[in-house]
Amino acid sequence: MASLSINAVKQLFASFIHGPRFDKVLNKLQLVSAIPGKMVCEMKVEEEHTNRGGTLHGGLTATLVDFVSTTALINTERGAPGVSVDMNITYLSSAKIGDEILITAQILKQGRTLAFATVDITNKATGKLLAQGRHTKHLGN
């Protein structure tokens with residue numbers, strides 16, 4: 001399978017976040033750019049995205065790492081989403097209501113059965129790194 005056109009990536013993206021499943025929590029996420037193996041998205045942090053402390057919820061941060069890295073993986077020559085086998089997130093700073101964040105996923109390597117991705121979540125205005133995720137996916141045989 002060849003990598004997808006930007007319009008095909010936008011359609012795939014929309015089918016996930018506007019569907020009936022859990023990914024709909026990302027309905028405010030916007031696609032900025034997509035090239036094979038790399039994807040950049042942005043989102044304005046709103047109250048629905050926050051914890052009781054008024055900052056971006058850690059669970060939503062993990063969901064962003066999962067979703068954006070998986071979509072970047074789909075947009076590669078292989079075109080397989082894989083199944084998560086490991087994901088870790090390092091939380092470095094907070095994002096508050098009204099902050100705009102950038103989510104940048106990069107596929108580091110795809111082997112025969114595993115793929116490895118990294119995701120940086122940064123403050124769009126300052127460039128400050130807020131969280132960094134690593135995601136390993138099993139691709140099957």
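**Exercise 1. Work out whether Lys28 is buried, partly exposed or exposed, and find its salt-bridge partner.**

Step 1. Lys28 has a relative accessible area of 31%, so it counts as partly exposed (buried is under 20%, exposed over 50%, partly exposed in between, with a 1.4 Å probe and protein chains only). Keep in mind that this is a predicted model, where local features need pLDDT of at least 70 and side-chain atom pairs count only at pLDDT 80 or more, while totals for chains, interfaces and linings use all residues. Residues are numbered from 1 along each chain as its sequence is written, and side-chain values use heavy atoms, with hydrogens and water left out.

Step 2. Now the partner: Lys28 forms a salt bridge with Glu46, with the closest N and O atoms 2.8 Å apart (a salt bridge is a side-chain nitrogen of Lys or Arg within 4 Å of a carboxyl oxygen of Asp or Glu). The two sit 18 residues apart, Glu46 in the loop between S2 and H2 and Lys28 in the loop between H1 and S1. Helices (H or I, at least four residues) and strands (E, at least two) are DSSP runs, numbered from the N terminus.

Step 3. Check the other end: Glu46 is partly exposed too, at 27%.

**Exercise 2. Find the salt-bridge partners of Lys124.**

Step 1. Start with Glu42, whose side chain meets that of Lys124 at 2.6 Å, N to O. This pair spans 82 residues, from Glu42 in strand S2 to Lys124 in the loop between S5 and S6.

Step 2. Then take Glu100, which forms a salt bridge with Lys124 at 3.7 Å between the closest N and O atoms. Glu100 lies in strand S4, 24 residues from Lys124.

Step 3. Look at accessibility. Lys124 comes out at 38%, Glu42 at 24% and Glu100 at 37%, and each of those values counts as partly exposed.

**Exercise 3. Describe how H1 and H2 pack.**

Step 1. Get the geometry: the angle is about 145° and the axes are 11 Å apart (axes are lines fitted to C-alpha atoms, for helices over the stretch in contact, and angles run from 0 to 180 degrees between N-to-C directions).

Step 2. List who meets whom. Leu12, Phe13, Phe16 and Ile17 of H1 are in contact with Phe67, Thr71 and Ile74 of H2 (contact means heavy atoms within 4.5 Å).

**Exercise 4. Identify the residues that touch the most other members of the largest nonpolar core.**

Step 1. Among its 33 residues, those are Leu29, Ile101, Ile103 and Ile121 (such a core is a set of buried Ala, Val, Leu, Ile, Met, Phe, Trp, Tyr and Cys residues joined through side-chain atoms within 4.5 Å).

Step 2. See where the members come from: H2 gives the most, with eight residues.

Step 3. Zoom in on Ile103. Not counting residues up to four places away in sequence, Ile103 touches residues including Leu29, Met39, Leu64, Val68 and Ile121.
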